[in-house]
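This briefing is meant for a reader who is meeting the structure for the first time. Please keep the sequence and the 3D view open while reading the points below.

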Amino acid sequence: MRSRSGEVSVIGDPVLREKGRPLSFPEDAAMIGELLREMFRILEREEGLGLAAPQVGRSIRLFIALPDYLEDLKGHTVFINPIVEPYGDMETREEGCLSVPGIYETLDRPSRARITALDLNGKEFSLDVQGLSARLVQHETDHLDGVLFVDRLSPMKKRFLRRKLRKLRETSD
Ligand SMILES: [Zn+2]
């Protein structure tokens, strides 16, 4: 099953469980440009903060972010082949995901992260981020490894959500 163009893949879609392929420059540049236009359109329409390529059915290592609430990203909106190194104290925050609609749960993750990625031109950059930005880069990079935020919940919370998640998986078939 493949998500239709313009739609966000929902939990149960196997593409969300694949490990994304790294991108190469300049070979992938044209494909990336086209995909980004679609991804930004979807992200703005869905009013999300971030969106990873597997969520639009593409198993590649790329995510985007809308910088409005994410000052630490210093205006960067495109993250290609990102490497995230989390550090610092654990922090509890609520998370949600366009691929797990209607479910918002608090989750502990490290409060800071260093992210190194390529920009749209294939140029490498690094940022040290905290707060919501640190949360976002960890969540989005998980998507590129086939991991969803609900996988990281405690066994008790998972048990509590089991029925809701099963329903989402069934409707995505
Ligand atoms: Zn997500």
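Predicted model: local features only at pLDDT ≥ 70, side-chain atom pairs only at ≥ 80, totals over all residues.

The side chain of D145 meets that of K19 in a salt bridge, with 2.9 Å from N to O. This pair links distant parts of the chain, since K19 belongs to the segment before α1 (29-46) while D145 sits in the loop between α2 and α3 (155-172), 126 residues away.

**Salt bridges**

- K19, the partner of D145, has a relative accessibility of 62% and therefore counts as exposed.
- The structure holds 12 salt bridges, and one of them joins the side chains of R114 and D128 at 2.7 Å from N to O.
- Because R114 lies in strand β4 and D128 in strand β5 (residues 124-130), that pair ties together parts that are 14 residues apart in sequence.
- Both ends of this pair count as partly exposed, with R114 at 34% relative accessibility and D128 at 40%.
- The side chains of E46 and R45 also meet in a salt bridge, at 2.9 Å from N to O, and E46 counts as partly exposed at 34% relative accessibility.
- E95, R109, R135, D142 and R152 are linked in a network of salt bridges.

**The zinc site**

- The zinc ion is coordinated by SG of C97 and by NE2 of both H139 and H143, at 2.1 to 2.3 Å.
- Along the chain, the donors of the zinc ion follow the spacing C-x41-H-x3-H.
- H139 and H143 are four residues apart in helix α2 (residues 131-144), so about one helical turn separates them.
- H139 and H143 are both buried.

**Helix α2**

- Of the 14 residues of α2, 13 are buried, which means that the helix is largely enclosed by the rest of the structure.
- At 1.5 Å a residue, α2 should span 20 Å, and this agrees with the 21 Å between its end C-alpha atoms.
- Just after α2, G146 takes a positive phi of about 80°.

**Strand pairing**

- Strand β3 (residues 78-95) pairs with strand β2 (residues 62-65) in the antiparallel sense over three bridges, and the bridge partner of F63 in β3 is F79.
- β3 also pairs with strand β4 (residues 105-118), again in the antiparallel sense, over 12 bridges, and here V84 stands opposite I115 in β4.

Key: Residues numbered from 1 in each chain as written. Heavy atoms only, no water. Donors = N, O, S within 2.8 Å, 3.2 Å for Na, K, Ca; no water. Helix = DSSP H or I, 4+ residues; strand = E, 2+ residues; numbered from the N terminus. Buried < 20%, exposed > 50% of the residue type's maximum accessible area, 1.4 Å probe, protein only. Expected span 1.5 Å × (residues − 1). Pairing = 2+ DSSP bridges. Salt bridge = Lys/Arg side-chain N within 4 Å of Asp/Glu carboxyl O.
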